Structures are given as structure tokens and as C-alpha cells.
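Please look over the structure below before reading on. The report takes up a few local features in turn.

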Amino acid sequence: MSNPSRRPGFLATTILALSFVLIGSLADPAQAQSKYASIVIDAGNGEVLYRANADDPKYPASLTKMMTLYLTFEALQKKRIKLGQSLTVSRKAASQPPTKLDLKPGQRIKVEHAILALVTKSANDAAMVLAEGVGGSESRFATMMTRKARQLGMSRTTFRNPHGLPDERQVSTARDLATLASALIRDYPKYYPYFSRASFTYRGVEHPNHNRLMGAYQGMDGLKTGYIRASGFNLAASAVRQGRRLIAVVMGGDTPAWRDAHLAELLDQGFATPRTPAPLVASLRAPARPDRKPDLGGGVEVASLEEVVDSSDLATLAATLSPPLGTAGSAVAAETAVWGVQVGAFSDAGAGRKALDMVSRRLPSLLAQAYPQMIQVTTGSGRLFRARLMGLDETTARNVCASLERAGDDCIMVAPQGL
């Protein structure tokens, strides 16, 4: 047979066909930027302030862990598990690829430590421990994850594992992930402050939070980073300024620095957009942070499937949160559950937690709906931890302080705008 490349017109036809393929690929933005998607929403009223490819299916990577944590918080709230409960590490959990805590089969880890490992280090072995502890097995937990996604309105999301390691069947969208972030803030204000932890120390090793914007973007108090090769660099984040909470999701960044800078820019544009009034929702202002932009210089290497980042600045341990949507019948009712009390400022976080526990036990009826917060601040003499019980109305906060002061104990009321 003759060589087809020698036939008349073959070369010209081939070049023309290749040209159409090249032009077509350049003209299709979705194909040219197949990983990229983003969205910015106002958490107060659900208004979409910006979106790009927001409903296109993408790989969520470790943003998956937001759903793992949502179901963990749900199990805690329903008292199926406890923060201090120890879970056994299975062989499957211990065998998960990095990033991980290097847990060993048969070892036990507290639920709270596993939560912090997900929030800061994005530990895949800890994610599997929680999945097996809450759901019984990875497959049953994945079914729970997808079912919960549908209940929350995440119609384009399917979960197959609890950590986001590569699985072509595990997909979500920027809009769905923003919905999930909003649900975490709305449904579990008691546990949401975990997302603002600057670092987590486990067995003597400190693990800094992968979200570098936590210490660089004013008002940011969460949520989660993610990376696998198929997804690019992802970030779901929330920030509060002047009583307004925005949630932003960026997926498919080429580098962590570009992703961080892009998300910061989207949030800046969102905060500059006039707010549409939402009379039934009251938002609170987060504690101020240094208004610094992320450093765009210098590369960040990737260890296996997660970023290695420098230790971020000290982040506020618990930001003032928007109250849950739909829990108040009026603007007045929404504003009544945003007070709190501060029972002391301690140089040691453990002492602060003990003080909160003691006060909660002394006044169980007044503090039945309260949740603890530890606010870490830096002073001229070092670090202090402000121990607070939040989620009260003004009258209850006054009664708590009056009761404590009668017993000779310190108490400061925390107004909605903070101290």
C-alpha cells in the first residue's frame, strides 16, 4: 500500500483539520479553563454577587471535608458522638495517602482532635476515622454525604469518599460548595469557630492552617482549602465586614498564591457591592484583622495532594457569627440571640475552658442555649484567651453577669458588636 502522506492533498487536508481543532479549543473558554469556577454570595440574603462557571461540575478535592465536618457536627448535636470520645483508627484509615497525621492501626484519637486535623492539616487519615466513626464505613458515610447534599439543595454534587482524594465520580460545583459553607455557618454556629484555628498541635507537632488568607484578609474566619492535580487549587472562604458576611469559592487555581489573590479580589469586589436589605437576618461584625493582601511572590511546593504552607499569623479563635437563618420571626427576634458574657481573660487556654465549664455547670438553666468561645488576642505582655459564652439575649446575659457578680466572680457582657 502507498504511504497516505504522499497522496495529493493529504498534507493540506491534515493541516486544515488540525487548524479547526486548535481554533475550536481556543475559542471554548470552558475547555481552555476547564478547572476554573468561582462564586461570591451574600450569606445574609443568599444573593449571588459574582459567578463564573458556578454550576459546572468540578472535582472538590479537600473541600469535600466540609461535608465530612457537617455530618460530624450533626452527630455531635444529636449526641451520637462526643467531642471527648476516642475513635479507633482502622487499617483503612491509617493507609490513606498524605496529607495525614500518620495515625497507626489500633491507635485512638479524640473526635475533637480529628476535627482540628481536618480543619488545619486537612488530614486524610483523620477524615476516614470520622467517616467510619459516624457512618460505620466509608461507603455508608459517602451515601450519607450525598443524601445530605440533596437535603441542603446541592443538586449537582455526588460524594464517594470523605476526604476528596481522586475519584472521577466525586464532583461538585462552586455554587453547591458555597451552599455547603453557608449551611455550616448557619446550622452549626457552636462548632464553626473550629475553622478559624490558626494551628493545631498533636502529639507535640504543630500543624498550621492551610488557609493562608486567615491571617492576611481582614474579617476572614474560615473555611477550607483543597488540592488534587485534577482539580487545581481550591478554596472556600467566608469573611465578615461591617456586619456583612460574604462566602466565596474559587476552584481550579494554577497556584495557591494566584488562588488566594483572586479570592481576596472577589471578596473585595463583593464588599464594595451595595447590599440588598434582608430584614429578617441580622449579621455581626467579626473582630478586626490586619488588612494585608496575600504575598504573591514565592512558590509553594506541594507534598503529595495538599499544600505545605508557612505558619500563618495568629488568627482569632472564634469570630462573632451571623445567627442561624430562619430561626427568628422578625428582625428584633434575630438580634436578641447575639449577646454573650466574658468570664475572664487567661494566659492559658486550658484555664479558660475550665472556667467556662464551671460557669456552665453553675447556671445550667440560664446557659442552656449558650456555646463557648475562646478569643485569642496578643497583648504587650503576651497572649491572652478571652473565655466567653455566646448565643444569649441581652436579658439573659445581664442575669448571668448579675448572678456571677453576686458570687464575687468577674463577668463582662459582650454586646453584638463585640468588645
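C401 and C411 form a disulfide (a pair of cysteine sulfur atoms within 2.5 Å), with their sulfur atoms 2.0 Å apart. A search of the whole structure finds one disulfide. C401 belongs to helix α12 (residues 394–406) and C411 to the loop between α12 and β15 (412–414), so the pair ties together parts that are 10 residues apart in sequence. The link of C401 and C411 is left-handed, with -70° about the S-S bond.

This is a predicted model: local features need pLDDT of at least 70, side-chain atom pairs count only at pLDDT 80 or more, and totals for chains, interfaces and linings use all residues. Residues are numbered from 1 along each chain as its sequence is written, and side-chain values use heavy atoms, with hydrogens and water left out.

Buried means under 20% relative accessible area, exposed over 50%, and partly exposed in between (1.4 Å probe, protein chains only).

| Residue | Relative accessible area | Class |
|---|---|---|
| C401 | 4% | buried |
| C411 | 10% | buried |

Helices (H or I, at least four residues) and strands (E, at least two) are DSSP runs, numbered from the N terminus. Helix α3 (residues 65–77) has 13 residues, of which 12 are buried. Among the buried ones are M66, L69 and F73. Just after α3, K79 takes a positive phi of about 65°.

Strands β5 (residues 199–202) and β6 (residues 205–208) pair in the antiparallel sense over four bridges; two strands pair if DSSP finds at least two bridges between them. T201 stands opposite E206 in β6. The hairpin of β5 and β6 has two residues between the strands, and R203 there takes a positive phi near 55°.

Terms used. The expected span of a helix is 1.5 Å times one less than its number of residues.
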